[in-house]
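Please find below a short note for discussion. The points are set out in order and may be read alongside the model.

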Amino acid sequence: MQPTDESLMERALDEARAALAHDDVPVGALVLDPGGIIVAARHNERELTSDPTAHAEILALKDAAEKAGTWRLDDHTLVVTLEPCVMCAGAAQQARIGRVVFGAMDMKAGALGSMYNVGADARFPHEFDVTMRVREQKCAALLTDFFASRR
């Protein structure tokens, strides 16, 4: 039985919470293979590694490509708790990802529907399906609580 987008987002939220242990913004990402098996699960590690590219999506895509033995992640699915930024949406596009599922919209930096829509831009050599706002309130609340604790 294939997991639902909602159950996968719950798993991504668990991964996002792991980022709190090292004071990173709580964003979690999963990559599923074409059979629906989770092949990568990561969270933000920018603070942990002092790497500006250590977003959950980038790390998960790298892990998935390593497991697949190719950079082409055709028919794979990326599940992430926050709408990917331009860098991460671009990485998904470059990986030829089949589908992206995300939770909270990012009205300041989102690149899959808020500010831009990299996944549906025909000017790029690859387009992919996007499912938005899965468990949006839970995903947004985790981020809101994180940033409120810093004020």
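1. E15 is buried, its relative accessible area being 11%; buried means under 20%, exposed over 50% and partly exposed in between, with a 1.4 Å probe and protein chains only. This residue belongs to helix 1, which covers residues 5-18. Helices (H or I, at least four residues) and strands (E, at least two) are DSSP runs numbered from the N terminus.

2. This is a predicted model, in which local features need pLDDT of at least 70 and side-chain atom pairs count only at pLDDT 80 or more, while totals for chains, interfaces and linings use all residues. Residues are numbered from 1 along each chain as its sequence is written, and side-chain values use heavy atoms, with hydrogens and water left out.

3. Which residue makes a polar contact with the side chain of E15? The partner is H43, whose side chain is reached at 2.7 Å. A polar contact is a pair of N or O atoms within 3.5 Å; within protein, one must be able to donate a hydrogen and the other to accept it, and residues adjacent in sequence count only if both atoms are side-chain atoms. With neighbours within four places in sequence left aside, E15 is in contact (heavy atoms within 4.5 Å) with G28, A29, A41, R42 and H43.

4. Helix 1 also packs with helix 5 (residues 136-148), at an angle of about 5 degrees and with the axes 10 Å apart. The axes are lines fitted to C-alpha atoms over the stretch in contact, and angles run from 0 to 180 degrees between N-to-C directions. The two helices are therefore roughly parallel, a term for angles under 35 degrees. On the side of helix 1, M9, E10, L13, A16 and R17 meet K138, C139 and L142 of helix 5.

5. D75, in the loop between helix 3 (56-68) and strand 3 (77-82), has a positive phi of about 65 degrees although it is not a glycine. R96, in the loop between helix 4 (86-94) and strand 4 (99-104), is likewise not a glycine and has a positive phi of about 60 degrees. Are these residues buried or exposed? D75 is exposed at 60% relative accessibility, whereas R96 is buried at 16%.

Terms used
Angles under 35 degrees count as roughly parallel, over 145 as roughly antiparallel, 65 to 115 as roughly perpendicular and the rest as oblique.
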